[in-house]
Amino acid sequence: MAASDTETAQQQIDEIEALSSIYGEDWCVVDEDEKIYCIKINDCLDQPKWTLCLQVILPPGYPAAEPPIYQLNAPWLRGQDYTELANSLEEIYIQNLGESILYLWVEKIREVLIEKAQSSSPEPDIKKASEEVDEDDGDDFVLDCQPIHEDPVKMLNYITSGSQEDEELPPIHHGNPITDRRSTFQAHLAPVVTPRQVKRVLEKLYENKKIASATHNIYAYRIYCEDKQTFLQDCEDDGETAAGGRLLHLMQILNVHNVLVVVSRWYGGILLGPDRFKHINNCARNVLVEYNYVPSVEESSKQAGKSKKTRKDNKKRTEH
């Protein structure tokens with residue numbers, strides 16, 4: 001590794017350690033190997049009204065030569081709000097080329113949220129207010145009482161106004177459950193091409209009393225808009241902090257689209273720590289493999305083997 005590469009890698013390590021120390025539980029490592037992180041940012045009120053999740057991937061050349069790859073996730077963040085905030089972040093990067101900028105980004109976002117809280121901006125849709133309390137190592141959680149479930153499909157009302165009775169309900173598939181220390185996780189999947197279909201699927205799932213009674217129903221969806229060549233995507237933690245963002249990241253890494261994945265978790269009274277995120281992602285990946293959204297590990301290995309053999313054969317031909 002060249003000296004400059006070593007220096008860049010050390011700069012990343014130093015920045016991540018500093019951010020983790022500054023932001024504590026709001027800072028989340030999604031995938032350390034892939035350098036994927038997220039941070040939950042709010043408006044600093046005792047009961048925050050405006051929150052946003054900043055997700056970043058640090059490429060090998062950051063900060064010296066490449067910007068972070070970022071995504072801004074919030075149910076209310078659309079249109080002009082998104083464009084203005086994205087422009088502000090990119091301006092900060094340009095003004096600080098070659099420097100670590102994540103702290104500047106976070107504080108800029110916080111400044112925008114505080115301005116919204118202090119202005120006459122209408123409040124965003126309120127999510128479930130019964131987030132569980134993190135204890136011990138910061139990854140475990142306990143339930144002091146049964147959470148009060150608000151209808152999570154309200155989140156989609158901002159993009160699904162009007163009647164959706166004419167919108168076709170897609171088929172809904174259910175994956176095999178995973179049970180660990182009395183907690184059970186089960187994934188549900190539906191092909192979707194519009195936000196209204198997402199809403200319809202969620203409503204249909206919540207008609208099932210068992211699913212409606214789950215401690216958490218975490219979901220994420222990705223819809224490819226061909227006319228704009230962009231993705232419409234969103235996620236919901238449903239009280240399990242950062243779980244929706246992790247699920248969405250998994251779907252991005254697997255490059256799946258036009259699909260909604262919901263993972264239900266029934267808490268069994270024993271703390272699972274970070275294992276709960278592993279089970280959520282494993283459930284989701286299994287159901288995506290089962291319904292052919294991504295190849296299985298065996299198929300991927302076979303394909304890799306075929307590619308390797310083809311390269312070897314081509315090399316032999318060129319040698320002769």
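**View 1. P170 sits buried in a loop of this predicted model.** With a relative accessible area of 6%, P170 is buried, and the model showing this is a predicted one. The loop that holds P170 lies between β6 (140–142) and β7 (173–174). Which residues does P170 contact, leaving aside its neighbours within four places in sequence? They are P191, V192, Q197 and V201. Take V192 from that list: P170 and V192 are 22 residues apart in sequence, and their C-alpha atoms are 6.8 Å apart in space.

**View 2. Four strands make an open sheet.** Follow the strands across the sheet and you will meet them in the order β1-β2-β3-β4, with antiparallel pairing. Why is one side of β1 and one side of β4 left without a neighbour in the sheet? β1 (27–31) and β4 (69–73) stand at the edges and each has a single partner strand, so one side of each has no neighbour there. From one strand to the next, the twist averages 20°. As a reminder, strands of a sheet pair through backbone hydrogen bonds, and the pairing can be parallel or antiparallel.

**View 3. Here is the pairing of β3 with β4.** Strand β3, made of residues 51–57, pairs with β4 in the antiparallel sense over five bridges. To find your place in this view, look for V56, which stands opposite Y70 in β4.

View 4. Helix α3 covers residues 102–118 and lies across β2 (36–42), β3 and β4.

View 5. You can find N96 in the loop between α2 (79–95) and α3. Is N96 buried or exposed? Its relative accessibility is 16%, so N96 counts as buried, the cut-off being under 20%. Not counting residues up to four places away in sequence, N96 touches I101 and L104.

View 6. C225 counts as partly exposed, at 21% relative accessibility. C283 is buried, with a relative accessible area of 2%. How many disulfides does a search of the whole structure find? The count is zero. For background, a disulfide is a covalent bond between the sulfur atoms of two cysteines.

**View 7. Some stretches call for careful reading.** Averaged over the protein, the pLDDT is 79, and 77% of the residues score at least 70. Residues 126–155 stay under 50, and the model gives this stretch 70 contacts beyond four places in sequence. Residues 157–164 are also below 50, with 17 contacts beyond near neighbours in sequence. Where pLDDT is low, the predicted coordinates should not be read in detail.

**View 8. Now step back to the whole protein.** Eight helices and twelve strands make up the list of elements. Of the 320 residues, 42% count as buried. The accessible surface comes to about 17,300 Å², and carbon and sulfur atoms account for 48% of that area. Among contacts with a separation of 6 or more, 65% are between residues 24 or more positions apart.

Note on methods: Residues numbered from 1 in each chain as written. Predicted model: local features only at pLDDT ≥ 70, side-chain atom pairs only at ≥ 80, totals over all residues. Heavy atoms only, no water. Pairing = 2+ DSSP bridges. Helix = DSSP H or I, 4+ residues; strand = E, 2+ residues; numbered from the N terminus. Axes fitted to C-alpha atoms, helices over the stretch in contact; angles between N-to-C directions. Contact = heavy atoms within 4.5 Å. Disulfide = S-S within 2.5 Å. Buried < 20%, exposed > 50% of the residue type's maximum accessible area, 1.4 Å probe, protein only. Areas by Shrake-Rupley, 256 points an atom, 1.4 Å probe, with all protein chains shown as cover. pLDDT = per-residue confidence, 0-100.
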